[in-house]
Amino acid sequence: THTSKAGFIGRVAAAKAKILVTIHSPHGTIYTTGSNIDGVPNFSLGRKILQTVEKYAGRKTTYLTTLSEAEKNICINLKLSTTKNTVVIPNGIDCDKFSVSYDFRKNIRKTSGCTPDNIILLSVGRLSPEKGHATLLSAFTKLLKNRKPDSKPPAEKIKLIFVGEGQEKDALQQQCINADIT
């Protein structure tokens, strides 16, 4: 199963049907501080109820997969899973499948306002709080502001590009304005 609602229904149904192995993959924990996900109550009692339901479903789960050690630790600390039944399966991309020609790369850089010698940090995803874009932007701002004048490459050669839409877009744009970066 995947996601909280489907995960609860699927795991309870599998237990009732006496399915021997169930694997659940939440792809993010909705109970972490700062999570703001549609359909998940922001008030503590609502989250507590959902967390209790998730713990119940967790007892009917053979394996819970997470995308990172941090997510694994959250699940274990919240008692949604155990060390024994939680497996980290990180995202993986075969970069060779996505290699592009020099001309394509040059054209993309030109249309995004970057030069061939820019170092580009690219973040692709839904612009929502749990994705951590504001934290990335804050770290990027510190990187630029704290570089020594003779650092290689110079700060103006390093670019951070966000690709995506979502509820955080305006806030991220304002964060750029406040930090005096574009």
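Val 21 is found in the loop between α1 and β1, the latter being residues 23-24, and in this predicted model Val 21 belongs to a nonpolar surface patch of about 590 Å² that also takes in Leu 20, Ile 23, Tyr 63, Val 87 and Ile 89. The loop between α1 and β1 also holds Lys 18, whose phi is near 60 degrees, a positive value in a residue other than glycine.

Lys 79 is exposed, its relative accessible area being 61%. A further backbone feature is found where Lys 152 and Pro 153 are joined by a cis peptide bond, with omega at about -10 degrees; Pro 153 has its place in the loop between α5 and β5. These features deserve a look in the model because most residues other than glycine have a negative phi, and most peptide bonds are trans.

The elements that these loops connect can now be set out in order. The protein has 6 helices and 5 strands, and from the N terminus on they run α-β-α-β-α-β-α-β-α-β-α. Of the contacts between residues at least 6 apart in sequence, 59% join residues at least 24 apart. The C-alpha trace spans about 60 × 40 × 25 Å along its principal axes, and the radius of gyration is 21 Å, whereas a compact globule of 182 residues would have a value near 16 Å. Buried residues make up 26% of the 182 residues, and the accessible surface comes to about 12500 Å², of which 59% belongs to carbon and sulfur atoms.

Side chains of opposite charge can pair when their charged atoms come close, and a search of the whole structure finds 4 salt bridges. One of them joins the side chains of Glu 54 and Arg 11, with 2.8 Å from N to O. Because Glu 54 lies in helix α2 (residues 44-58) and Arg 11 in helix α1 (residues 4-16), the pair ties together parts that are 43 residues apart in sequence. Both Glu 54 and Arg 11 are buried.

Not counting residues up to four places away in sequence, Ala 57 touches Phe 8 and Arg 11. The C-alpha atoms of Ala 57 and Arg 11 are separated by 6.1 Å, although these residues are 46 apart along the chain. Ala 57 is buried, with a relative accessible area of 0%.

Another salt bridge is formed by Asp 117 and Lys 157, whose closest N and O atoms are 2.8 Å apart. Asp 117 lies in the loop between α4 (102-111) and β4 (119-124) and Lys 157 in the loop between α5 (133-145) and β5 (158-163), so this pair ties together parts that are 40 residues apart in sequence. Asp 117 is partly exposed, with a relative accessible area of 44%, and Lys 157 likewise counts as partly exposed, at 24% relative accessibility.

The side chains of Arg 126 and Glu 130 also meet in a salt bridge, with 2.6 Å from N to O. Arg 126 is partly exposed, its relative accessible area being 46%, and Glu 130 is partly exposed as well, with a relative accessible area of 31%.

Lys 72, in helix α3, presents a contrasting case, for Lys 72 is buried yet has no salt bridge. The nearest side chain of opposite charge, that of Glu 69, is 4.3 Å away from Lys 72, and the pair is therefore not counted as a salt bridge, which requires a side-chain nitrogen of Lys or Arg within 4 Å of a carboxyl oxygen of Asp or Glu. Leaving aside its neighbours within four places in sequence, Lys 72 is in contact with Thr 66, Thr 83, Thr 86 and Val 88.

Definitions and conventions: Residues numbered from 1 in each chain as written. Predicted model: local features only at pLDDT ≥ 70, side-chain atom pairs only at ≥ 80, totals over all residues. Heavy atoms only, no water. Helix = DSSP H or I, 4+ residues; strand = E, 2+ residues; numbered from the N terminus. Buried < 20%, exposed > 50% of the residue type's maximum accessible area, 1.4 Å probe, protein only. Patch = residues over 30% accessible without salt bridge, like charges linked within 9 Å, V, L, I, M, F, W, Y side chains within 5 Å. Areas by Shrake-Rupley, 256 points an atom, 1.4 Å probe, with all protein chains shown as cover. Rg over C-alpha atoms; globule rule 2.2 N^0.38 Å. Contact = heavy atoms within 4.5 Å. Lys, Arg positive; Asp, Glu negative; His and termini not counted.
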